[in-house]
Amino acid sequence: MSQTPSRSWRAILSTATDKIEKPIELLIKACGLSSIVLVAAIFFFVFWYAAPLLPKIDWFGHDGFFTSTNWHAKEREGATYGVLAMIVGNFAVAAVAMIIAIPLGLAAAVYISEFAGPRAKEWFKVSIEILAAIPSIVWGFIAITMIGPLLIKYAGATMGANLLNGGIVLGLMSVPLIVSLAEDSLRAVPDSFREAAMALGANRWEIVYRVLFPAARSGLMAACMLGVGRAIGETMAVLLATGNKNQIPTSFTDPITTLTATIASEMGDAEAGSPHSQSLFTIGLLLLVITCAINLTANLFIRGNKRKSAA
Amino acid sequence: MSPDSSMQPTHLEFRDLSVWYGQSKALDEITFSVPRHSVIGIVGPANSGKSTLLKTINRTLEFIDIAKTGGDVLVDGQNVKSIRNVYSLRRRIGMVFPLPVGLPMSVYDNVAYAPRRMGIHDKAQLDELVENCLRDSVLWDEVKDRLDLLGTKLSGGQQQRLTLARALSLEPEILCLDEFSIAIDPVTTMKIEEVLMRLKERMTIVLVTNLTQQARRMADAVAFINASQLIEWGPTEQLFNNPGKELTGRYLNGEFG
């Protein structure tokens, strides 16, 4: 059998792919650019709907956007747009959530990746995937019907829906995300690292702490940052769990509200194009800026760590 | 080669050692012994079980879930199975794996890690120890000005020598080298070989190598392992010049492998 025909076909095919290489490269480039374009478009869209109100807003005055808690956006006359309490509420509830979720999530990831046997590992992974798939409204129900009464009974809360409740629910919601990402990055550390540390007489805890954590650092950081992102951006569960009260909390059992919850609860009442609607878009713009800032900080932090030598 | 190595007491001994990975046998009733302060060369084709043999000494084989062992490994007459604190055993045995691994900490900390764990915290003492280990592994001149660099950033050959420095930092009584020179250039390899010959006064060296000439240069005795079985072992020159089995002669002369 002669090989000539097949060879010439191959030759034709390879010249053909040579020719379309450039267009394919351009296509892939366009796909990559689309994500940047999309981000820009979202910023523009939110900004566009908020824009008419922006020049009229008092930003840092007595009833200022960043400096007061007076949120009276519905008023036709003398409306004020102070979102300080929502910002504080947002960060407070996210902080409580992370205090719960980061230790729990990292510890669970270490257990699954380093200590659990192969069968246990499968069970844990399946149940964590299920946990991650629970809709946020269901978490809201759990907050109201289970966590709330427990807080009233044992934490001396007057209302079941409060800062602590929101923090607990958000924490539990973030755990599966943190676990699965952290477990992935721990598993990506080559076994040769574990062997090398083990040969030096390191015990399992030291292997985790001195070798795996530094080696997987950027992945673990990303896992935690995504957890924070989820906690800041989550809406439905927070709306139900925090009590939706526009005040700066003075204790963990005070009801609060967040930027996201305010948008969700008021958007339905706000007439399209009204100052009220524009004020809600202004909050949306602020949320965008906050999440972008968190992501950028995380990126800088990760890159800084990579350049710097570990001490 | 020290002529009196045969006079030395046994330091390391394998007795009917077998290892299975699941159903497949990786080592089949291996029996031989290594005198103190000698170099034993372990040679044989790839996949014959040489690395597995090393992992039974410091019990890092236990890390592999499916591995099962039979028979005994004795260090200084003590069965390693009976050692309660496996970490203390591992600290007595230096191990250099074939894949270079810089741990994700600075070059300095890579070497100072084990000594610190053993309770040495005096800065001057640590500095001296780190320098000595890096000199012994012929890495000092290349890294002395950047000891705070991440160990993972060194080149492959440098990481290989860092692994050696780390193993030496334990002041091990047995030093196991698994293909230590595959990522290292010949000139550096020869330098390290010289250092190892000096280190023999302080420790027993188990040298797993694919380079039969390296074994001939360094080892006092050679064990030839093929397809999970110990074909024969004995003094180096005897095995090279007058092997008891035909297979041994053919392998050592480079006719297969």
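How many Å separate the centres of domain 1 of chain A and domain 2 of chain A? Over C-alpha atoms, the answer is 33 Å. Before going further, keep in mind that this is a predicted model.

**Stop 1: the two domains of chain A.** Select residues 4-56 of chain A for domain 1, then 80-307 for domain 2; those are the bounds in the domain assignment. Where they touch, 8 residues of domain 1 are in contact with 8 residues of domain 2. Colour the domain 1 side of that contact by residue type: you get 8 nonpolar residues, with no polar and no charged ones.

**Stop 2: chain B on its own.** Chain B shows 10 helices and 10 strands. Along its principal axes, the C-alpha atoms of chain B fill a box of roughly 55 × 40 × 35 Å. Does that go with a compact or an extended chain? A compact globule of 257 residues would have a radius of gyration near 18 Å, and chain B has 18 Å, so the value agrees with a compact globule. As for burial, 45% of the 257 residues of chain B count as buried.

**Stop 3: where the chains meet.** Bring chain A back. Here 23 residues of chain B are in contact with 16 residues of chain A. To see the chain B side, select helix H2 (86-92), helix H3 (107-117) and helix H6 (156-169) of chain B, each of which supplies at least two residues. By type, the chain B side divides into 14 nonpolar, 4 polar and 5 charged residues.

**Stop 4: the largest nonpolar core.** Now show side chains for Val169(A), Ile178(A), Cys176(B), Val206(B) and Leu207(B). Of the 133 residues in the largest nonpolar core, these touch the most other members. Helix H5 of chain A (residues 163-187) gives the most to this core, with 14 residues. Zoom in on Val206(B) next. Leaving out residues up to four places away in sequence, Val206(B) touches Val34(B), Ile40(B), Ile42(B), Leu54(B), Ile174(B), Cys176(B) and Leu177(B).

**Stop 5: a second core.** Finish in chain A by selecting Phe65(A), Trp71(A), Val83(A) and Met86(A). They are among the members of a second, separate core of 15 residues.

How values were computed. Residues numbered from 1 in each chain as written. Chains lettered and ligands numbered in written order. Predicted model: local features only at pLDDT ≥ 70, side-chain atom pairs only at ≥ 80, totals over all residues. Helix = DSSP H or I, 4+ residues; strand = E, 2+ residues; numbered from the N terminus. Rg over C-alpha atoms; globule rule 2.2 N^0.38 Å. Buried ≥ 20, exposed ≤ 12 C-beta atoms within 10 Å, placed from the backbone. Domains from an automatic or database assignment. Contact = placed C-beta atoms within 7 Å. Nonpolar A, V, L, I, M, F, W, Y, C, P; charged D, E, K, R; others polar. Core = buried A, V, L, I, M, F, W, Y, C linked by C-beta atoms within 7 Å.
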